[in-house]
Amino acid sequence: MSDHLFKPVLYLKENCPFCLKIRIFVLEADISDDVQIRDFAPGSEDENVIRAELLPHLDKVSFPAGQLQPGRYATESDDIVAFLAARSGRDTAAIPVYRNYVDGIFATAMKLWKENQDLKKAASAT
Ligand SMILES: N[C@@H](CCC(=O)N[C@@H](CS)C(=O)NCC(=O)O)C(=O)O
(Lines give C-alpha, C1' and ligand atoms only; values in the text may rest on other atoms or scores of the structure.)
Protein backbone atom coordinates (compact mmCIF):
# COMPACT_ATOMS: atom_id res chain seq x y z
CA MET A 1 0.00 0.00 0.00
CA SER A 2 1.36 3.45 -0.83
CA ASP A 3 2.14 5.77 2.07
CA HIS A 4 -0.56 8.12 0.80
CA LEU A 5 -3.35 5.53 1.10
CA PHE A 6 -2.15 4.13 4.42
CA LYS A 7 -4.15 5.35 7.42
CA PRO A 8 -1.95 5.80 10.51
CA VAL A 9 -2.81 3.28 13.23
CA LEU A 10 -3.07 4.74 16.74
CA TYR A 11 -2.84 2.45 19.76
CA LEU A 12 -4.49 4.17 22.72
CA LYS A 13 -4.94 3.04 26.30
CA GLU A 14 -8.12 4.11 28.11
CA ASN A 15 -7.66 6.85 30.72
CA CYS A 16 -4.00 7.43 29.81
CA PRO A 17 -3.27 11.20 29.87
CA PHE A 18 -0.75 10.95 27.00
CA CYS A 19 -3.27 9.02 24.90
CA LEU A 20 -5.96 11.62 25.71
CA LYS A 21 -3.69 14.25 24.13
CA ILE A 22 -3.93 12.34 20.85
CA ARG A 23 -7.65 11.60 21.17
CA ILE A 24 -8.37 15.32 21.65
CA PHE A 25 -6.22 16.28 18.68
CA VAL A 26 -7.87 13.71 16.39
CA LEU A 27 -11.38 14.80 17.40
CA GLU A 28 -10.78 18.54 17.30
CA ALA A 29 -8.82 18.44 14.04
CA ASP A 30 -11.68 16.29 12.68
CA ILE A 31 -9.39 13.62 11.26
CA SER A 32 -11.09 10.53 12.75
CA ASP A 33 -11.77 9.18 9.25
CA ASP A 34 -8.09 9.50 8.33
CA VAL A 35 -6.74 7.29 11.13
CA GLN A 36 -7.39 3.83 12.55
CA ILE A 37 -7.84 3.84 16.30
CA ARG A 38 -7.07 0.68 18.26
CA ASP A 39 -7.99 1.37 21.84
CA PHE A 40 -8.09 -0.91 24.83
CA ALA A 41 -8.82 -1.01 28.53
CA PRO A 42 -5.87 -1.80 30.81
CA GLY A 43 -5.91 -5.47 31.77
CA SER A 44 -8.17 -6.50 28.88
CA GLU A 45 -7.57 -9.26 26.34
CA ASP A 46 -7.36 -6.50 23.70
CA GLU A 47 -4.32 -5.16 25.54
CA ASN A 48 -2.54 -8.54 25.26
CA VAL A 49 -3.29 -8.68 21.53
CA ILE A 50 -2.07 -5.12 20.95
CA ARG A 51 1.11 -5.60 23.02
CA ALA A 52 1.95 -8.77 21.06
CA GLU A 53 1.34 -6.88 17.80
CA LEU A 54 3.64 -4.00 18.78
CA LEU A 55 6.41 -5.99 20.47
CA PRO A 56 8.36 -6.90 17.30
CA HIS A 57 8.44 -3.25 16.22
CA LEU A 58 9.42 -1.42 19.42
CA ASP A 59 12.33 -1.62 21.86
CA LYS A 60 9.81 -1.04 24.65
CA VAL A 61 6.03 -1.10 24.29
CA SER A 62 4.37 1.99 25.78
CA PHE A 63 1.26 3.99 25.06
CA PRO A 64 0.32 5.86 23.08
CA ALA A 65 1.95 4.11 20.14
CA GLY A 66 1.38 4.62 16.46
CA GLN A 67 2.25 3.10 13.14
CA LEU A 68 2.54 6.39 11.31
CA GLN A 69 3.59 5.02 7.95
CA PRO A 70 3.96 1.40 6.85
CA GLY A 71 6.68 0.01 9.14
CA ARG A 72 7.34 3.36 10.88
CA TYR A 73 6.38 3.25 14.57
CA ALA A 74 6.47 5.98 17.23
CA THR A 75 5.72 6.09 20.95
CA GLU A 76 6.10 9.76 21.91
CA SER A 77 2.72 11.49 22.06
CA ASP A 78 4.21 14.81 20.89
CA ASP A 79 5.86 13.12 17.88
CA ILE A 80 2.59 11.38 16.99
CA VAL A 81 0.59 14.62 17.20
CA ALA A 82 3.26 16.50 15.20
CA PHE A 83 3.07 13.86 12.47
CA LEU A 84 -0.76 13.96 12.36
CA ALA A 85 -0.77 17.77 12.36
CA ALA A 86 1.68 17.96 9.46
CA ARG A 87 -0.21 15.27 7.54
CA SER A 88 -3.53 17.12 7.93
CA GLY A 89 -2.09 20.60 7.44
CA ARG A 90 -3.06 21.69 10.99
CA ASP A 91 -1.24 24.02 13.33
CA THR A 92 -1.41 22.66 16.90
CA ALA A 93 -1.12 26.24 18.21
CA ALA A 94 -4.49 27.00 16.59
CA ILE A 95 -6.41 24.01 18.04
CA PRO A 96 -7.86 25.50 21.25
CA VAL A 97 -9.16 22.51 23.27
CA TYR A 98 -5.99 20.56 22.49
CA ARG A 99 -3.85 23.55 23.55
CA ASN A 100 -5.86 24.05 26.74
CA TYR A 101 -5.43 20.41 27.67
CA VAL A 102 -1.69 20.25 26.93
CA ASP A 103 -0.78 23.60 28.51
CA GLY A 104 -3.30 23.33 31.37
CA ILE A 105 -4.38 20.14 33.13
CA PHE A 106 -1.84 17.91 31.38
CA ALA A 107 1.10 20.17 32.28
CA THR A 108 -0.20 20.48 35.86
CA ALA A 109 -0.59 16.71 36.19
CA MET A 110 2.99 16.17 34.98
CA LYS A 111 4.32 18.80 37.41
CA LEU A 112 2.42 17.26 40.35
CA TRP A 113 3.59 13.75 39.38
CA LYS A 114 7.22 14.91 39.38
CA GLU A 115 6.80 16.76 42.67
CA ASN A 116 5.28 13.61 44.16
CA GLN A 117 8.22 11.50 42.94
CA ASP A 118 10.70 13.96 44.46
CA LEU A 119 8.82 14.03 47.79
CA LYS A 120 8.71 10.23 47.93
CA LYS A 121 12.42 10.05 47.20
CA ALA A 122 13.18 12.64 49.90
CA ALA A 123 10.91 10.85 52.40
CA SER A 124 12.53 7.46 51.79
CA ALA A 125 16.00 8.98 52.24
CA THR A 126 15.25 10.19 55.80
N1 LIG B 1 6.78 9.83 26.72
C2 LIG B 1 5.57 9.20 26.52
C3 LIG B 1 5.03 8.76 27.88
C4 LIG B 1 3.96 7.76 27.74
C5 LIG B 1 3.70 7.00 29.01
O6 LIG B 1 4.34 7.19 30.07
N7 LIG B 1 2.70 6.13 28.91
C8 LIG B 1 2.35 5.22 29.97
C9 LIG B 1 0.83 5.07 30.00
S10 LIG B 1 -0.03 6.44 30.74
C11 LIG B 1 2.86 3.84 29.63
O12 LIG B 1 2.91 3.48 28.48
N13 LIG B 1 3.23 3.03 30.61
C14 LIG B 1 3.78 1.70 30.34
C15 LIG B 1 2.77 0.69 29.86
O16 LIG B 1 1.54 0.94 29.84
O17 LIG B 1 3.23 -0.41 29.52
C18 LIG B 1 4.61 10.14 25.76
O19 LIG B 1 4.69 11.37 25.91
O20 LIG B 1 3.81 9.63 24.99
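This is a predicted model: local features need pLDDT of at least 70, side-chain atom pairs count only at pLDDT 80 or more; totals for chains, interfaces and linings use all residues.
Residues are numbered from 1 along each chain as its sequence is written, and side-chain values use heavy atoms, with hydrogens and water left out. Local features need pLDDT of at least 70 and side-chain atom pairs pLDDT 80 or more, while totals for chains, interfaces and linings use all residues.

Around the ligand sit K13, C16, F18, R51, V61, S62, F63, P64, T75, E76 and S77, each with a heavy atom within 4 Å of it. For E76, a polar side-chain atom is 3.0 Å from a ligand nitrogen. On its own the ligand has 510 Å² of accessible area (Shrake-Rupley method, 1.4 Å probe), and the protein covers 70% of that.

F63 also turns up in the largest nonpolar core, which has 33 residues. Such a core is a set of buried Ala, Val, Leu, Ile, Met, Phe, Trp, Tyr and Cys residues (under 20% relative accessible area, 1.4 Å probe, protein chains only) joined through side-chain atoms within 4.5 Å. L10, I22, F25, L54, F63 and L84 touch the most other members. Beyond its neighbours within four places in sequence, L54 is in contact (heavy atoms within 4.5 Å) with Y11, V61, F63, A65 and Y73.

As for the backbone, a cis peptide bond joins F63 and P64, with omega about 5°. N15, not a glycine, has a positive phi of about 65°. N15 is exposed (over 50%), at a relative accessible area of 77%.

How values were computed: A polar contact is a pair of N or O atoms within 3.5 Å; within protein, one must be able to donate a hydrogen and the other to accept it, and residues adjacent in sequence count only if both atoms are side-chain atoms.
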